[in-house]
Amino acid sequence: MRTRGELGDFLRSRRARIRPEDAGFASGAGVRRVPGLRREELAHLAGVSVDYYVRLEQGRNRGVSDAVLGAVADALRLDQDERDHLFRLARPETSHGAAAGEDAVRPEVWRLLDWISAPALVMGRRMDVLAWNGPVCALITDFGRLPARERNLVRLHLLDPEIGRRYPDVDTIAREAVGHLRIAAGTHPDDPELWELVEEVSARSEEFRRHWARHTVRTKAYGVKRVEHPEAGPLTLTYEVTRFPQDAELSLLVYTAERGSAEEVALRDFAKG
């Protein structure tokens, strides 16, 4: 099962980023073959035996308690996203395959997109674009003309040369994509399409590969995106991401602009078609 390897890799990556002296250990105590905390040091900080922690890092402690996971998270100084990710990896569900109909978008959601005048789309857990409106096609691309497999924001932003050159902040895009997909992988470690996507993008994007190796984990519900649009010119847009309470796998992404700005004019032009 992928989860065991992912759990060990994640814990090792988080041990490596903590300097021993910052955790109260002498940095010169013995020869250190790897950066960061040793397993025995982490076990000491978490209040568990070295053997117990080693078994956890190897994915052999299925019955690990909330208290132990919380202590390990505290010792590793994990933020909330990382802490949630640790719990998901340590307690994999019994079945993580793609659920039937997970990519289905209700007609009412399509209707909602039609009523939104700003660029908006609905994406699934792999960042597949499952529904969209006219303004977002004007901003990014005509999703209706793309094969279903290519309607994916990670592939489009990082692998498509024409679209990728519009986004100057490629490292930020790669980091946010990895943060999203890491969480999806922790929840659905046996999703073959997700791992196919990760392997494909890792092979072709150095930025993505670097952040994936760092086990970047982050939820991003809002932010700023710069776009070099071929017709509207340089745009600095804000975006918001929200989930549908009864469609947990789906997220609504909406791009907006400051009132009175050149970006607002461009978005209103997109809405006119």
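**A tour of salt bridges and a helix pair**

Select E108 and R106, which form a salt bridge (a side-chain nitrogen of Lys or Arg within 4 Å of a carboxyl oxygen of Asp or Glu) with the closest N and O atoms 3.9 Å apart. This is a predicted model, in which local features need pLDDT of at least 70 and side-chain atom pairs count only at pLDDT 80 or more, while totals for chains, interfaces and linings use all residues. Residues are numbered from 1 along each chain as its sequence is written, and side-chain values use heavy atoms, with hydrogens and water left out.

Next, select E193 and R126, whose closest N and O atoms are 3.8 Å apart in a salt bridge. E193 lies in helix α11 and R126 in the loop between β1 and β2, so the pair ties together parts that are 67 residues apart in sequence. R126 counts as buried at 3% relative accessibility, whereas E193, at 44%, counts as partly exposed.

Now move to E6 and R182, whose side chains meet in a salt bridge at 2.2 Å, N to O. E6 lies in helix α1 and R182 in helix α10, so this pair ties together parts that are 176 residues apart in sequence. E6 and R182 are buried.

Finally, show helix α10 (residues 170-187) together with helix α12 (residues 206-213), which pack with their axes 8 Å apart at an angle of about 45 degrees. Their contact (heavy atoms within 4.5 Å) includes R182 of α10 and W212 of α12.

Definitions and conventions
Axes fitted to C-alpha atoms, helices over the stretch in contact; angles between N-to-C directions. Helix = DSSP H or I, 4+ residues; strand = E, 2+ residues; numbered from the N terminus. Buried < 20%, exposed > 50% of the residue type's maximum accessible area, 1.4 Å probe, protein only.
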